[in-house]
Amino acid sequence: PLIVDRPVVFGVQDFCALCKKCAHNCPSGAIPKEGKETVRGVEKWQINIEKCLHYWRVAGTDCGLCMKVCPYSHPSSLVHNVVRAAIRDSALARKLSLWGDDLFYGRKIFP
């Protein structure tokens, strides 16, 4: 059995609140650009699954652009691991790393 403990905070939620690349690149608009909402007692960004699946049906294939643009989806490398460690501990590092990600990978992709 698992022992109930507290969530581990390591900067991802704060980074996502700044970034929102997934929401800006979602062709169906299924990912909210606004803040989180409470769903069944948990505060989170609620994805509109119906919009997402409707886009899949219209496109004739799955999408995955949200995962492609997410800075946390970059491969494990020395540079990316150092950035992830900095994001964990520093709000300034979150802002700088988002700027760097935009510079090297772009803010918007075009499928």
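Predicted model: local features only at pLDDT ≥ 70, side-chain atom pairs only at ≥ 80, totals over all residues.
Me: Thanks! How many helices and strands does the protein chain have?

Reply: Helices (H or I, at least four residues) and strands (E, at least two) are DSSP runs, numbered from the N terminus. Here there are six helices and two strands. The C-alpha trace spans about 40 × 40 × 30 Å along its principal axes.

Me: What share of the residues is buried?

Reply: A residue is buried under 20% relative accessible area, exposed over 50%, and partly exposed in between (1.4 Å probe, protein chains only). Of the 111 residues in the protein chain, 23% are buried.

Me: And which contacts join parts of the chain at least 24 residues apart?

Reply: Contact means heavy atoms within 4.5 Å. Among contacts between residues at least 6 apart in sequence, 55% join residues at least 24 apart. Cys 22, in helix α2, makes a handy example. Setting aside neighbours within four places in sequence, Cys 22 is in contact with Ile 31, Cys 66 and Val 69. Cys 22 counts as partly exposed because its relative accessible area is 28%.

Me: Which residues have a positive phi although they are not glycines?

Reply: In general, most residues other than glycine have a negative phi. Lys 20 has a positive phi of about 60 degrees, and Arg 40 has one of about 50 degrees. Lys 20 lies in the loop between α1 (12-19) and α2 (21-25), whereas Arg 40 lies in the loop between β1 (37-39) and β2 (42-44).

Me: Is each of them buried, partly exposed or exposed?

Reply: Lys 20 has 21% relative accessibility, so Lys 20 counts as partly exposed. Arg 40 is exposed, because its relative accessible area is 77%.

Me: How many aromatic pairs are found in the whole structure?

Reply: A pair of aromatic rings is described by the distance of the centres and the angle of the planes. Rings of Phe, Tyr and Trp (its six-membered ring) pair if their centres lie within 6.5 Å; planes under 30 degrees apart count as stacked, over 60 as edge-to-face and the rest as tilted. The search finds one aromatic pair. The ring centres of Phe 15 and Tyr 72 are 5.7 Å apart and the planes stand at 85 degrees, so this pair is edge-to-face. It links distant parts of the chain, 57 residues apart: Phe 15 is in helix α1, and Tyr 72 is in the loop between α4 (65-69) and α5 (78-89). Phe 15 is buried, with a relative accessible area of 2%, while Tyr 72 is partly exposed at 25%.

Me: Last one: which charged end sits over a ring?

Reply: A charge sits over a ring if NZ of Lys or CZ of Arg is within 6 Å of the ring centre and within 35 degrees of the ring normal. Here, the charged end of Lys 36 sits over the ring of Trp 45, 4.9 Å from its centre.

Notes:
Residues numbered from 1 in each chain as written. Heavy atoms only, no water.
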